[in-house]
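This report looks at how parts of a protein model touch one another. Please view the structure below before reading on.

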Amino acid sequence: MKDEVTREERLDNLKGMGCSRKRVEDARFTQGKGNYVDDIKLDGMLFGDFVRTPYAHARIKNIDTSAAMQVPGVLAVLTAADLEPLGLHWMPTLAGDKQMVLADGKVLFQGQEVAFVVAEDRYAAADGIEAVEVDYEDLPVIVDPFESLQSDVVLREDLVAEDGSIPDGAHGPRTHPNHIFTWEAGDKQTTEEVLANAEIVAEESMYYHRTHPCPLETCGCVASMDKVNGKLTLWGTFQAPHAIRTVVSLISGIEEHNIRVISPDIGGGFGNKVGAYPGYVCSVVASIVTGKPVKWIEDRMDNLISTAFARDYWMKGRISATKEGKITGLHCHVTADHGGFDACADPTKFPAGFMNICTGSYDIPTAYLEVDGVYTNKAPGGVSYRCSFRVTEAVYFIERMIEVLAIKLNMDAAELRRVNFIRKEQFPYKAALGWEYDSGDYHTAWDKALKTVDYDGLRAEQAQRIEDFKAGKTRKLMGIGLSFFTEIVGAGPVKNCDILGLGMFDSCEIRIHPTGSAIARLGTISQGQGHATTFAQILASEIGLPADSITIEEGDTDTAPYGLGTYGSRSTPVAGAATAMAGRKIRAKAQMIAAYLLEVHDNDVEFDVDRFVVKGAPERFKTMKEVAFAAYNQAIPGIEPGLEAVSYYDPPNMTYPFGAYVCVMDIDVDTGVPDIRRFYALDDCGTRINPMIIEGQVHGGLTEALAVALGQEIAYDDMGNVKTGTLMDFFLPTAWEVPNYETDYTVTPSPHHPIGAKGVGESPHVGGVPCFSNAVQDAFRAFGNTHTNMPHDHWRIWKTANELGLHG
Amino acid sequence: MIPAAFEYYRPKDMAGVLSLLEQHGDDARVMAGGHSLIPMMKLRMAEVPHLIDLQDVGGMSDIDIDADSIRIGAMVTQADIIDHADLADVAPILREAALQIADPQVRYMGTVGGNVANGDPGNDMPGLMQCLDAQFTLVGSGGERSVRARAFYEAAYMTAREDDEVLTAVKIPLPEGGYAYEKQKRKIGDYATAAAAVQIVNDGGTCAAASIAMTNLSDTPIYSEAAGAALVGTSVDDAAIKTAVAAMLGDIDPSEDNRGPVAFKKHVAGVILRRTIERAWSRA
Ligand SMILES: Cc1cc2nc3c(=O)[nH]c(=O)nc-3n(C[C@H](O)[C@H](O)[C@H](O)COP(=O)(O)OP(=O)(O)OC[C@H]3O[C@@H](n4cnc5c(N)ncnc54)[C@H](O)[C@@H]3O)c2cc1C
């Protein structure tokens, strides 16, 4: 048999790893043919919605639902009293705390769920909500975590013993009724000694403000209890459908096999859709009570004020160095505002997430981190908004501390970074706070970035600008923002990563069809990341069938293998690895079949792109397609029919993507308006599966970084009212506000990942926030600025200029 | 964010509108593009048991330009303003301002009439119309009357329009001289932190007339007669602009919101006005 097709063409035909395969999802998304939760319509479906408290802290004296029950179309109004007999008026949080499903005697934050109105449609539900009368008695409101730790006002009476003592929490001893945990990493005593004896110490306090992931699609679900067969089907915007199934089973007592959780298309998650919300529980209960399917969909305000926020970290740092700029020690203390319930989504052993990656990309021999979690009258959450657990906070912290240290040393901040980077030959590198970085080549990336942007030229231009400004020739200052980040993603090794006891492995199950196409199902769930495209590419390269012949399916717990879902850039590092491993199992069996068909020994054939070839006789081969057919239809001695494989992958380590970003910004000193002139982003995510998707992820992550750095916040007034509860005030950038991004890369594969990929979806956010912020701060460095807090909206930038006396 | 139940009407002529308004009084409201009203209803900040859609009432969608004035029908959209070449010739400030309102999607729906009748201090067109000394035509059961934009605004959402009147058109004397509309906002689709409309006449290097109005810096738009007067007779030099800015700052009364505190808004208002004057003067 003569092979007409060249090897090159066969490779192209696969559309495997490394090519910019077009996203297969986009055909339906761009034509409005996606299928989101709110698109689900079932016969007789009801609609549920919440009465929410306008008060941030109040006792509930009475709830009168009688008028609401008279509203046409309203069928039921659930309160905590109705849920209590079922034991469902409270639910466990991912952080080991518990949270009220419906207000049980009091409310702890504005927007908290008080009653659930079930009606024939959402209009009737909205009218029903208006008719529920709740009698509140004001309680003193605490929105400041420092005040909270001093206050006599107890937010969580349920966490204080009858004799007034304070029982331990899920993460150990608590020092005050409003204190949640203290978590530490590193060596306190040595760090204090190093700092005390250092030649140079720089200190800074910074507030990483509260913000919100704000996915385009809000959270929601449809619960349908089939009373005949006892099966509960729950469609929802879940970033972790299997975990939701297990949690629902544990708290409801419904056996897990009787629960089917389905995440259909999801319109963005960014961490917001990891946790469990009262809406899920109430919908399930309402469906059980009414015997009908019940839908619950948040509106934008509900989403912004009540579902999981991000950040809200008060960080205090001290960093020490030699006069030459070699960093010797780092101390970080965080006061973490968790709101009314501790509902952070972190691996159980890490109540402050991976904040202990805060030594960043630098070889810092000694470090200590201490985090205090605190209750306040704000919404619960604390999720990783487009980052691995608390990594954005960690990277912001260290990238600001580096800048502050550079000022103290009167040194160029790019040079200070270069001097302190972990060197290539130090990998795998054991950091002072415990992590083992898998691989990196920071100097190469940094040099490439600085060279591309002509860093020296930029600094010269900036110096000239400062002269001109001082001479009254311009009112615009120029800021050069630098950041170098190391992410820690791919949670994670089951030995130290679990959520509520569920190990954070992931999975892939592959079935090859007789005619040489395939379906692969994973334990993850895309929310826009393009899994159906990239995972098929991984498989194409591993098993030699074209990506276009491979269907990727996720999100249905009845069909997909168990996995922990998608967040924290874990899909490629964990499920991507499972995919490759399952593919290799397929290949191993296929090799035996091919050898049988070619009548040679197993070891005498080798895999080549899309076929098995007899070693030394390339004209003798069997394609994967032929093998697939034979696997099902030919009796092969000693080999079971069929071609399927499943792999559960427990990663040996996390992966550590990194990158080098530079932002050039012009700032109008008189109005506080920043203008981003240039943004350069170099990402190293190890092996690159689909460059186009990487670029898309980088653009998206940078845009969310711009949002957070320049204006996006959940702000509260002293009474605990959310001031930014609509998109009028909550900054969501549009194409207009976003600059052109220049993307670039280096490739340093992960040594422990089967295909060397590290994950990329969140890197640009992690690296982008400090880069934008540093640009603003750098613009004012020559005039005495060391640090100002984000978000750098117009008025805060103006205020900085004003306080530095730049308004004459 | 679901509005309370309401009755929806779509009368075919003005008589139908007026009789509904008469019948339901306070409980009825007309709707033009709906891009201010519907959000308010969804937030349940406006309760409108009887909603009268003006869409099918004819005669309010034209832009007529004659020798000395422009008539813009109330239902002309912001997008229509932007697309109208003749209008851009005779009154380019309208286009410059309209382009700074919201985003294209909103501008396809939002009307001139709705924008000026709404009475929201954040709307851009009221200040613009004060700068241009426009007249609003109001039609009610008692007939038609005309009110100057400069006398129309009483407080936030309070205007000289009676509940049973419909604003049918805006009449603008043909503007003269240089123009500029400047607006500082946090993002596309945002109302102004500060915005200024300036129309200015240059007579051989001396300012012969100047009209200045500010947006979102008080609970109404602010026509600052004193600021305009400060420029007249000068060469619009630095000193004159300073005086004009000071006069304007005396007329505005901003309040703190998420955009920033009063001191910031006043400062920005001054900077924006200076830039607007300079740009308008450079075109005069
Ligand atoms: C996201 C967004 C951003 C926006 N940004 C801006 C902005 O930057 N600047 C700006 O100026 N506007 C902005 N707007 C408002 C927009 O321009 C509105 O369309 C405009 O304010 C009202 O016009 P409308 O035709 O939609 O009026 P409607 O919403 O239909 O009506 C508004 C009010 O005016 C009354 N009304 C309408 N027409 C008449 C009439 N002919 N006679 C009497 N009363 C009438 C209505 O009863 C109602 O009370 C924004 C709106 C949105 C949704």
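## Chain B against chain A

In this predicted model, chain B and chain A bury about 2,200 Å² between them, and carbon and sulfur atoms give 59% of that area. On the chain B side, the residues that lose the most area to chain A are B:Met1, B:Lys187 and B:Asn258, which together make up 27% of what that side buries. The contact involves 28 residues from chain A and 24 residues from chain B.

Four salt bridges are found across this interface. In a salt bridge between A:Asp668 and B:Arg275, the N to O distance is 2.8 Å. There are also 13 residue pairs in polar contact between the two chains. Helix α11 (residues 262-283) of chain B supplies the largest share of the side of chain B that touches chain A, six residues. By class, that side has twelve nonpolar, seven charged and five polar residues.

## Domains of chain B

Chain B is divided into domain 1 (7-53), domain 2 (63-173) and domain 3 (178-283). The C-alpha centres of domain 2 and domain 3 of chain B are 20 Å apart.

## Domain 2 against domain 3

Within chain B, 23 residues of domain 2 are in contact with 25 residues of domain 3. These two domains bury about 2,000 Å² between them, with 56% of it on carbon and sulfur atoms.

Three salt bridges are counted between domain 2 and domain 3 of chain B. In the salt bridge of B:Asp124 with B:Lys183, the closest N and O atoms are 2.8 Å apart. On the side of domain 2 that touches domain 3, α8(B) gives the most, with six residues. That side of domain 2 of chain B has 13 nonpolar, five polar and five charged residues.

Conventions
Residues numbered from 1 in each chain as written. Chains lettered and ligands numbered in written order. Predicted model: local features only at pLDDT ≥ 70, side-chain atom pairs only at ≥ 80, totals over all residues. Heavy atoms only, no water. Contact = heavy atoms within 4.5 Å. Buried area = accessible area lost by both parts, 1.4 Å probe. Salt bridge = Lys/Arg side-chain N within 4 Å of Asp/Glu carboxyl O. Polar contact = N/O pair within 3.5 Å; in protein donor to acceptor, adjacent residues only side chain to side chain. Helix = DSSP H or I, 4+ residues; strand = E, 2+ residues; numbered from the N terminus. Nonpolar A, V, L, I, M, F, W, Y, C, P; charged D, E, K, R; others polar. Domains from an automatic or database assignment.
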